[in-house]
Amino acid sequence: MGDCIFCKIARGEIPCRRVYEDDEVLAFHDINPVAPVHFMLIPKLHLASLADVKDVHAALLGRMLLLVSRLAKEQGLDNGFRTVINTGKGGGQEVFHLHIHVIGGGNIPPMVRRG
Ligand code: AMP
Ligand code: ZN
């Protein structure tokens with residue numbers, strides 16, 4: 001995907017503050033963090049959103065979730081962390097390349113305020 005900003009980051013055409021990289025995935029710090037630790041894990045393969053994944057991507061998604069836990073610990077989030085995947089316009093997604101936000105290290109409020 002030529003125009004996709006996260007594909008450009010994955011190809012090294014746009015710089016990022018890298019957290020982790022292997023053949024299939026890349027993790028990098030969010031440019032506009034909402035907490036002291038805020039990084040994202042993306043597949044290098046362009047998948048627009050979680051709504052676009054297929055059975056063939058099951059192993060990749062599984063690897064990503066396992067990595068989230070490992071990288072969160074490596075970033076010092078021993079006490080826990082929040083993972084967020086915004087999906088589609090209705091889910092508040094702004095960059096249409098699948099990414100898992102990993103957020104923590106501060107006072108994380110309840111995700112949904114009730115009443
Ligand atoms: P979402 O709303 O889930 O699509 O999240 C997109 C995220 O990408 C936002 O938190 C942005 O701050 C982040 N972002 C956008 N451009 C960059 C960039 N060049 N480097 C790092 N993070 C970025
Ligand atoms: Zn992309």
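Predicted model: local features only at pLDDT ≥ 70, side-chain atom pairs only at ≥ 80, totals over all residues.
1. Residues are numbered from 1 along each chain as its sequence is written, chains are lettered from A and ligands numbered from 1 in the order in which they are written, and side-chain values use heavy atoms, with hydrogens and water left out.

2. Cys 7 lies in helix 1 (residues 5-10) and His 97 in the loop between strand 4 (82-84) and strand 5 (100-104), so the pair ties together parts that are 90 residues apart in sequence. Helices (H or I, at least four residues) and strands (E, at least two) are DSSP runs, numbered from the N terminus.

3. Cys 7 is buried, at 4% relative accessible area, and His 97 is buried, at 0%. Buried means under 20% relative accessible area, exposed over 50%, and partly exposed in between (1.4 Å probe, protein chains only).

4. Strand 2 (residues 25-29) is mostly covered, with five of its five residues buried. Val 25, Ala 27 and His 29 point one way, while Leu 26 and Phe 28 point the other way. In a regular strand the side chains alternate between the two faces of the sheet.

5. Strand 2 has partners on record in strands 1 and 3. With strand 1 (residues 18-21) the pairing is antiparallel over three bridges, and a hairpin of three residues joins strand 1 to strand 2. Tyr 20 stands opposite Ala 27. Strand 3 (residues 37-43) runs antiparallel to strand 2 and is joined to strand 2 by five bridges; there, Phe 39 is the bridge partner of His 29. Two strands pair if DSSP finds at least two bridges between them.

6. Ile 31 sits in the loop between strand 2 and strand 3. Its relative accessibility is 84%, so Ile 31 counts as exposed. From Ile 31 to Lys 73 the separation is 42 residues in sequence and 20 Å in space, C-alpha to C-alpha.

7. Ser 49 belongs to the loop between strand 3 and helix 2 (58-74) and is buried, at 5% relative accessible area. A polar atom of the Ser 49 side chain lies 3.0 Å from the backbone nitrogen of Ala 51. Neighbours within four places in sequence aside, Ser 49 is in contact (heavy atoms within 4.5 Å) with Thr 87, Gln 93 and Leu 98.

8. Ligand 1 is surrounded by 16 residues, of which the closest are Asp 30, Glu 94, Val 95, His 99 and His 101. An N or O atom in the side chain of Asp 30 is 2.5 Å from an oxygen atom of ligand 1. On the backbone side, an N or O atom of Glu 94 lies 2.7 Å from a ligand 1 oxygen, and a polar atom of Gly 92 is 3.3 Å from a ligand 1 oxygen.

Conventions. Polar contact = N/O pair within 3.5 Å; in protein donor to acceptor, adjacent residues only side chain to side chain. Near = heavy atom within 4 Å.
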